[in-house]
Amino acid sequence: MATRYLYELTLTLLLLCSSPIFGQDETAETPASEDQQPGNPGNHKPERWNVHFQITSIVQHHGSFYSKYEGENSLPAHAENRVSITATVFMTVRLNSNLDVILNPEIAGGKGFGDVTGIAGFTNGEMPRVQTATPKLYLARGYLRGSWALGDGTKFVEDGPNQLAGQQPIRRLTVLVGKFAVTDYFDCNTYSHDPRTQFMNWSLMYNGAWDYPADVRGYTIGVMQELTMRRWSVRTAMVMEPTTANGPTLDTRMTKNRGQLAEGELRFTTKGNPGKLRVLGFLHREDAGTFREALSIGGNPPDLGPTRRSGTHKYGTALNLEQSLAEGIGLFSRYGWSDGKTETWAFTQIDRSISGGVSINGRFWKRPADHIGVAAVRNYLSGDQRSFLSAGGVGFIIGDGRLTYGPESIVEAYYAWRAVKGWTITGDYQHIQNPAYNRDRGPVDAISIRLHWEK
């Protein structure tokens with residue numbers, strides 16, 4: 001049923017975009033804009049295509065720390081130095097006034113601390129759970145994007161990665177079909193969302209308790225729909241889950257296993273300053289196991305393998321708030337909750353998460369292209385997962401063989417310095433208390449230097 005739905009929606013999208021009603025000529029008259037910007041009149045000629053690039057390299061170091069014992073997925077207690085690199089090409093082509101095609105070939109390589117294990121809120125958002133230092137070329141995104149106006153008002157949008165400059169309807173319906181990252185559209189936040197320019201920690205760039213559907217590199221295949229009005233938006237998606245936990249391949253059996261997401265977004269102003277509230281709900285079906293059943297089966301250590309079966313449900317919710325206090329100063333906060341019964345399948349082992357922070361623009365010290373960020377996050381495990389790890393169980397991120405439980409608490413601070421046009425150098429510090437929720441290990445201090453170029 002789900003596969004048929006995906007096929008029919010794709011066919012409908014293509015038919016609508018080629019019809020005389022929706023496939024209007026781009027030279028047609030543009031309605032008067034409700035949100036004109038200086039120098040961008042309502043008849044501004046839209047871009048038909050663009051190409052952008054980015055390269056990001058992160059060098060990280062953590063020193064030695066106290067460790068009473070180590071297990072299969074423990075962060076090594078000795079000092080480590082690690083380097084990661086990604087390079088992406090963002091190509092967007094407008095096929096007609098309603099349909100764009102987006103292609104993003106990407107190269108990624110490097111290694112994370114402990115082969116990306118030992119910390120639930122991992123320190124490098126550019127480092128996926130791929131344990132190889134050799135750079136690999138792959139297609140990160142490849143999808144069709146259709147957009148239809150639901151009113152006459154427009155606003156001007158700037159040229160950018162996967163975005164063409166031109167007038168955009170304020171009220172619109174958008175549909176995506178293909179390969180993309182659900183994090184491009186869900187759980188977004190102005191001040192904490194991009195590990196290439198903002199906070200690097202996994203549980204700060206996204207909501208840590210949201211086990212978002214993706215392959216090992218963070219991408220999936222499916223359909224996303226978004227209805228945008230002046231003050232609010234609603235978006236939903238149905239996408240593929242990986243075939244195995246932390247797996248590189250996606251499960252095409254969407255009638256059995258799939259990720260289902262829904263998010264509402266409210267935009268408002270407080271004393272003239274913009275803010276946004278997003279509420280996300282998710283219900284995933286996957287070949288996952290459950291902690292309580294693994295413990296009941298026995299075994300030393302307990303094993304999730306025998307409990308895994310198709311169609312296991314994992315569900316949860318997430319809140320996401322951002323508020324500008326003044327021009328150049330913004331606050332953000334997130335809270336996430338998942339059922340805590342089912343093993344992590346795609347992101348990281350966090351069952352509850354609460355975070356908050358501040359971002360300050362450098363205009364206050366006459367460096368408007370610079371910015372500072374300071375944030376803290378506290379991650380928790382459910383009782384079921386605590387018992388599983390205490391008995392010696394392991395997931396794909398954490399598992400020390402035993403557990404003296406304590407919430408994983410992380411503080412991150414960074415300064416992003418725009419050296420020259422297109423080039424930003426960031427110094428970043430992270431302090432991790434109770435890595436992998438274990439009071440018998442840590443604390444860990446991680447220092448990073450990030451080099452980012454974009455065009």
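Visitor: Against which element do the buried residues of H4 pack?
Guide: The model discussed here is predicted. In it, Asp384, Gln385, Phe388 and Leu389 are the buried residues of H4. Those residues pack against H3.

Visitor: Within what arc do the buried residues of H4 fall, seen down its axis?
Guide: An α-helix has 3.6 residues a turn, so residues three or four places apart point the same way. In H4, the buried positions are Asp384, Gln385, Phe388 and Leu389. They line one face of the helix, because, viewed down the axis of H4, they fall within an arc of 125 degrees.

Visitor: Which residue just after H4 takes a positive phi?
Guide: Helix H4 covers residues 383–390. Just after this helix, a positive phi of about 105 degrees is found at Gly392.

Visitor: How many aromatic pairs does a search of the whole structure find?
Guide: A pair of aromatic rings is described by the distance of the centres and the angle of the planes. When the whole structure is searched, the number of aromatic pairs found is 18.

Visitor: What is the angle between the planes of Trp202 and Phe347?
Guide: The centres of these two rings, Trp202 and Phe347, are 5.7 Å apart. Planes under 30 degrees apart count as stacked. The pair of Trp202 and Phe347 is stacked, with an angle between the planes of 25 degrees.

Visitor: How many residues apart in sequence are the parts that the pair of Trp202 and Phe347 ties together?
Guide: Trp202 belongs to helix H2 (residues 202–205), whereas Phe347 is placed in the loop between strand E13 (329–338) and strand E14 (352–361). Trp202 is buried at a relative accessible area of 2%, and Phe347 is buried at 1%. The pair therefore ties together parts whose separation in sequence is 145 residues.

Visitor: Which residues form one aromatic cluster with Trp202 and Phe347?
Guide: Trp202 and Phe347 form a stacked aromatic pair. Both also belong to one aromatic cluster, whose other members are Phe113, Phe122, Tyr206, Trp210 and Tyr212.

Visitor: Is the aromatic pair of Phe291 and Phe388 stacked or tilted?
Guide: Phe291 lies in helix H3 (residues 291–297) and Phe388 in helix H4, 97 residues apart. Phe291 is buried at 1% relative accessibility, and Phe388 is buried with a relative accessible area of 1%. With 5.3 Å from centre to centre and 50 degrees between the planes, the pair of Phe291 and Phe388 is tilted.

Visitor: How far from the centre of the ring of Tyr69 is the charged end of Arg402?
Guide: Arg363 lies over the face of Phe364, 5.1 Å from the ring centre. Over the ring of Tyr69 sits the charged end of Arg402, and its distance from the centre is 3.8 Å.

Visitor: Which backbone oxygen does the side chain of Ser324 reach?
Guide: Ser324 is located in strand E12 (residues 312–326) and is buried, at 9% relative accessible area. Beyond its neighbours within four places in sequence, Ser324 is in contact with Tyr191, Asn273, Pro274, Ile329 and Gly330. At 3.2 Å, the side chain of Ser324 reaches the backbone oxygen of Ala326.

Visitor: What distance separates the C-alpha atoms of Val358 and Phe332?
Guide: Val358 is in strand E14 and is partly exposed, at 22% relative accessibility. Not counting residues up to four places away in sequence, Val358 touches residues including Phe199, Phe332, Ile372 and Val374. Val358 and Phe332 are 26 residues apart along the chain, and the separation of their C-alpha atoms is 6.4 Å.

Visitor: Is the peptide bond from Asn300 to Pro301 cis or trans, given its omega?
Guide: Most residues other than glycine have a negative phi, and most peptide bonds are trans. Pro301 is in the loop between H3 and E12. With omega near 5 degrees, the bond from Asn300 to Pro301 is cis.

Visitor: What is the omega of the peptide bond that joins Gly442 and Pro443?
Guide: Pro443 is placed in the loop between strand E17 (423–433) and strand E18 (444–454). The bond joining Gly442 and Pro443 is cis, with an omega of about 5 degrees.

Visitor: What is the phi of Ala436?
Guide: Asn246 is buried, with 18% relative accessible area. Ala436 lies in the loop between E17 and E18 and is buried at 3%. The phi of Ala436 is positive as well, near 60 degrees.

Methods
Residues are numbered from 1 along each chain as its sequence is written. This is a predicted model: local features need pLDDT of at least 70, side-chain atom pairs count only at pLDDT 80 or more; totals for chains, interfaces and linings use all residues. Side-chain values use heavy atoms; hydrogens and water are left out. Rings of Phe, Tyr and Trp (its six-membered ring) pair if their centres lie within 6.5 Å; planes under 30 degrees apart count as stacked, over 60 as edge-to-face and the rest as tilted. Helices (H or I, at least four residues) and strands (E, at least two) are DSSP runs, numbered from the N terminus. Buried means under 20% relative accessible area, exposed over 50%, partly exposed in between (1.4 Å probe, protein chains only). A charge sits over a ring if NZ of Lys or CZ of Arg is within 6 Å of the ring centre and within 35 degrees of the ring normal. A polar contact is a pair of N or O atoms within 3.5 Å; within protein, one must be able to donate a hydrogen and the other to accept it, and residues adjacent in sequence count only if both atoms are side-chain atoms. Contact means heavy atoms within 4.5 Å. The arc is that of the directions from the helix axis to the C-beta atoms.
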